[in-house]
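Trainee: I would like to learn how to read the model that we are about to open. Could you take me through it feature by feature, with the general idea before each case?

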Amino acid sequence: MALLEVKNLSTEFTTAQGNVLAVRDVSFQVDQGEALGIVGESGSGKSQTMYSIIGLLADNGIITSGEVTFDGQNISRSQFKTKKDYDNFMRQFRGNSMAMIFQDPMTFLNPVIKIETQLVEPLMNHTKMNQSEARERALELMRKVGIPSPEKRIEQYPFEFSGGMRQRIVIAIALANNPKLIIADEPTTALDVTIQAQVLELIDELKVQGNSAIIMITHDLGVVAKLCDRIAIMYGGKIVEIGTDKDIFYDPKHPYTKGLLNCIANPEDDDEDELRPIPGSPPDLLNPPKGCPFVDRCEEAMKICKNYPPEVTVFSNTHQCSCWLLHEKAVAK
Amino acid sequence: MSENAILEVKNLKTYFDVTKGIFTRKQIVKAVDDVSFDVKDNETFGLVGESGCGKTTLGRTIVKLYDPVSGSITFQGQDIAKLKGKDLTKFRKDMQMIFQDPYASLNPRMTVGEIIKEPMIIHNIYNTDQEREDRVVELLRIVGLKPDHIRRYPAEFSGGQRQRIGIARALAVDPKFIVCDEPISALDVSIQAQVVNLLKEIQKEMGLSYLFIAHDLSMVKHISDRIGVMYLGHLVECGPSNDVYHRPLHPYTTALLSAIPIPDPDTAKAKRRIVLEGEIPSPINPPAGCPFCTRCQKATERCHVERPQMIQVGTRTVACHLYER
């Protein structure tokens, strides 16, 4: 049974200009001990999908449809009568069963509170530990994420930590209660390559040791190639293709996935031709295209793509893609 | 000076005084410390390194936004430190810069036309406003924007489009050399490739030389003819990009390269990383010997005491005691 199952999730944001359809009919699942990568450009809805699942949407965000099941329990917004009930429930749920690692460790950590307090807080809130037990556990967590001399460091403030060390603290906080699912939102984007390598190595270890599932949101295809077992490609608020790492990298089906793979430089390849960028820019989700979200940038777009959202084509029990070109009646070019 | 070098940097040092208060000990950040390299005509020289290694400071010193403490920068045969008046204006016209953040580097209250026209007015390139306007339209076409974008404001454009405006502004005065300071790191993947291709095309058409500063090693390798690797204010290795990538000499280059995530699951998952312990030391208190000695796995006693000098090894130069005899 899947650990997390998301079905037909849609989220909108009310803005002065109108409703932004940030997440449109997204379905996927994550199994225990598995790492799923969600890849997409900024504004593709990858972060908002996660915020919708974990109940951290901004106030103007509304989940308009969909069902989220975690470990057999329905945790959809529609299960609760009021927003307050939902928020109260999710507050207990987060940090216990699922935890999140954010992109920018400096905005996540409170700059005027000691590391100790910030690490002990989730422990004391979610378990019956007393102060000294929680402190012991905090030190253990700091050791686990590779922070040298934790006894000294636990007394310090976030500004005394470097970027990589701060991200380790954020990971330690996320790990505090052994969550079954860790959602990492661009955890290494703000870090340098060598520090990124350290943090990725750490996340990989956690996956192997802790048997927790990981959802990794990123725009860096190199990071997902290293870390993830399955990959979902998001575009214009929709998942356009989902498959194992090998499906996506070696047998991409969607024109956007292909385009994405064509426009990154592979340093292993010396005689690399010109990069082939995808022309144009992502769609405006205030008025998303009626049909396929990629239609305006797709070189192979057909008439039907403009008007009807593509059906899902299933290639194997792991590999799915939404594109009209793959429809059996499409004329092969 | 080698024959066709358009830019030559010799023993360049740029320091910043960061002393706080009157009675405290003087604190100096050695942002760029004894860096030498040259950029040839029509060449792209890539400069890589992690944040805080001094690559941006080096770029800004070259365009004369900072004054170096010592060392020389020779551009088209002239020492830029001595430039004054007309010569300085001429230098500024030939040497342009593209900035990292396309949101911060364009004035939000000026239209695209005004932004691109401003350098032409400063350098007095065209006589009439009509000529300037025609040139702006042509530049917009070159960078892949539409002529009717001329009356719009930067806020109406996406990040990639803004970076194109920044490129058009740099091209407005027909420069010979452009310092590109992380021009793509703020952009989305599919847009990065558009901008990289655009820069390459422009280079071919106009015969430009680039100093391409970035931390994204795979893109730098793709666009550059030669690469320089910086660490803690020092240039530690320098050479043709394929050589540096496939046969790195300096232990830092080796570690940096092994840290790049390769966009290929089989290679990436099989690849053994040399995970560097620790972090970059503070540039206020750099190690006495080799800047990398605190994190280097091959460091010997000598590395902690004596600073290695740049030596020639085959096609490359490297600053490491391991390659000395």
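**Two chains, step by step**

Mentor: Chain A holds 12 helices and 12 strands, where helices (H or I, at least four residues) and strands (E, at least two) are DSSP runs numbered from the N terminus. The model is predicted, so local features need pLDDT of at least 70 and side-chain atom pairs count only at pLDDT 80 or more, while totals for chains, interfaces and linings use all residues. Residues are numbered from 1 along each chain as its sequence is written, chains are lettered from A and ligands numbered from 1 in the order in which they are written, and side-chain values use heavy atoms, with hydrogens and water left out.

Trainee: How many helices and strands does chain B have?

Mentor: Chain B has 11 helices and 12 strands.

Trainee: What does the radius of gyration say about chain A?

Mentor: The radius of gyration is taken over C-alpha atoms, and the globule rule is 2.2 Å times the number of residues to the power 0.38. For the 333 residues of chain A the rule gives 20 Å and the model has 21 Å, so chain A is as compact as a globular protein of that length. Along the principal axes, the C-alpha trace spans about 70 × 55 × 40 Å in chain A and about 65 × 55 × 45 Å in chain B.

Trainee: What share of the residues in each chain is buried?

Mentor: Buried means under 20% relative accessible area, exposed over 50%, and partly exposed in between, with a 1.4 Å probe and protein chains only. By that rule 53% of the 333 residues of chain A count as buried, and in chain B the figure is 54% of 325.

Trainee: How do I read the contacts of a chain?

Mentor: A contact means heavy atoms within 4.5 Å. In chain A, residues 24 or more positions apart account for 62% of the contacts with a separation of 6 or more; in chain B, 63% of the contacts between residues at least 6 apart join residues at least 24 apart.

Trainee: Which residues of helix α4 of chain A are buried, and what do they pack against?

Mentor: An α-helix has 3.6 residues a turn, so residues three or four places apart point the same way. In helix α4 of chain A, residues 115–126, the buried residues include I115(A), L119(A), P122(A) and H126(A). The buried residues of α4(A) pack against α2 (83–93), α5 (131–144), α6 (150–153) and α7 (163–175) of chain A.

Trainee: How many salt bridges are there in the whole structure?

Mentor: A salt bridge is a side-chain nitrogen of Lys or Arg within 4 Å of a carboxyl oxygen of Asp or Glu, and a search over all chains finds 37 of them. One of these pairs E34(A) with R230(A), whose closest N and O atoms are 2.8 Å apart. This pair links distant parts of the chain, 196 residues apart: E34(A) sits in the loop between β2 (18–30) and β3 (35–39) of chain A, and R230(A) in strand β9 (residues 230–235) of chain A. Both E34(A) and R230(A) are buried.

Trainee: Which residue forms a salt bridge with K117(B)?

Mentor: The partner of K117(B) is E133(B), and their closest N and O atoms are 3.1 Å apart. K117(B) lies in helix α3 (residues 112–122) of chain B and E133(B) in helix α4 (residues 129–142) of chain B, so the pair ties together parts that are 16 residues apart in sequence. K117(B) counts as buried because its relative accessibility is 12%, and E133(B) counts as buried at 15%.
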